[in-house]
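Here is a short briefing for a first look at this structure. Begin with one pair of residues, then step back to the whole chain.

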Amino acid sequence: MKNLKTFLLAVIAGIAIGIGGTIYLTLDMYSSISVLFKVLGALFFAVGLYAICIHGLNLFTGKIGYVFDQKNYLDLVLIWIGNFIGTWICAFLINHTRLYVVENITKMCETKMNDSLVSLLILGFFCGLLMFIAVDGYKKCKNPLILFICVATFILCGFEHCIADMFYFSLADAWCLTSFIDILIITLGNALGAFLIPITKKIKEID
């Protein structure tokens, strides 16, 4: 029952990220008119992470930084898979509506798939670092501002978030061996970035 709960909360978190991705793509369509739309899209994307934090949902990039405090690593696998399914469900539903965000996603996915694995790893690393700062900061101060600032920063910088990319690839129906490998590399980068601050804290505790 515990594993099922973990999984279901991860699926819902994936849907929440999909909603954030949808508003980002919707506003990004107008970025050629004004850069303000792109900035607003990046800020509103954080609605997904905010919903995840206030409702206690399970997001892989929000949990992986605390891996050293966990004993059950199966939870992280279940969360990653649940996030994957949640983003796919959201993309599937969006693709059956009148929204035209899919027209804005094909080029983005092609750029990611044509990128080198080293580049994706590095971009994933910085995103993972920002995600840990966001989630850990919110846990400590309960101020949602840090969530919106960190999320907007990683989006505007072009850093890679594995769960958001799951949504984008699903929305564009771009799944293939290349895109799946890209997701695994970005996941690794997100994890390594999320480890940076916890590892630094562990080192500081050494006498």
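Tryptophan 88 and phenylalanine 92 sit 4 residues apart in helix 4 (residues 74–94), so about one helical turn separates them. The model is a predicted one. The protein chain holds 9 helices and 0 strands.

**The aromatic pair and its setting**

- A search of the whole structure finds 13 aromatic pairs.
- In the pair of tryptophan 88 and phenylalanine 92, the ring centres are 5.2 Å apart and the planes meet at 15 degrees, so the pair is stacked.
- Planes under 30 degrees apart count as stacked.
- Tryptophan 88 is partly exposed, at a relative accessible area of 43%.
- Phenylalanine 92 is also partly exposed, and its relative accessible area is 39%.
- One aromatic cluster is formed by Trp80, Phe84, Phe169 and Trp175.

**The chain as a whole**

- Read from the N terminus, the order of elements is α-α-α-α-α-α-α-α-α.
- Along the principal axes, the C-alpha atoms fill a box of roughly 55 × 40 × 35 Å.
- Of the 207 residues, 46% count as buried.
- Take the contacts between residues at least 6 apart in sequence: 79% of these join residues at least 24 apart.

**Surface and charge**

- The accessible surface of the protein chain is about 10500 Å².
- Carbon and sulfur atoms account for 70% of that surface.
- There are 14 positive and 13 negative side chains in the protein chain.
- The centres of these two sets lie 11 Å apart.

**Helix 8, an enclosed element**

- Helix 8 (residues 162–171) has 10 of its 10 residues buried, so the rest of the structure largely encloses it.
- Its buried residues include Cys162, Asp165, Phe167, Tyr168 and Leu171.
- Phe169 is one of the buried residues of helix 8, and Phe169 also belongs to the aromatic cluster.
- The cover over these buried residues includes helix 1 (2–28), helix 2 (35–55) and helix 3 (60–63).
- Helix 4, helix 5 (106–114) and helix 9 are also among the elements that cover helix 8.
- After helix 8 comes aspartate 173, with a positive phi near 50 degrees.

**Asparagine 190 in helix 9**

- Asparagine 190 is found in helix 9 (residues 177–205).
- Is asparagine 190 buried or exposed? Asparagine 190 is buried, at a relative accessible area of 0%.
- The cut-off for buried is under 20% relative accessible area.
- Setting aside neighbours within four places in sequence, asparagine 190 contacts Thr61, Gly124, Phe125, Cys127, Gly128, Glu160, His161 and Cys162.

**Isoleucine 79 in helix 4**

- Isoleucine 79 lies in helix 4, the helix that also holds tryptophan 88 and phenylalanine 92.
- Isoleucine 79 counts as buried, with 3% relative accessibility.
- How far apart are isoleucine 79 and leucine 9 in sequence and in space? They are 70 residues apart in sequence and 8.0 Å apart in space, C-alpha to C-alpha.
- Not counting residues up to four places away in sequence, isoleucine 79 touches Thr6, Ala10, Asn58, Leu59, Phe60 and Lys63.

Terms used
Residues are numbered from 1 along each chain as its sequence is written. This is a predicted model: local features need pLDDT of at least 70, side-chain atom pairs count only at pLDDT 80 or more; totals for chains, interfaces and linings use all residues. Side-chain values use heavy atoms; hydrogens and water are left out. Helices (H or I, at least four residues) and strands (E, at least two) are DSSP runs, numbered from the N terminus. Buried means under 20% relative accessible area, exposed over 50%, partly exposed in between (1.4 Å probe, protein chains only). Contact means heavy atoms within 4.5 Å. Accessible areas come from the Shrake-Rupley method with a 1.4 Å probe; for residues, only the protein chains shown count as cover. Lys and Arg count as positive and Asp and Glu as negative; His and the chain ends are not counted. The place of a charge is taken as NZ of Lys, CZ of Arg, CG of Asp or CD of Glu. Rings of Phe, Tyr and Trp (its six-membered ring) pair if their centres lie within 6.5 Å; planes under 30 degrees apart count as stacked, over 60 as edge-to-face and the rest as tilted.
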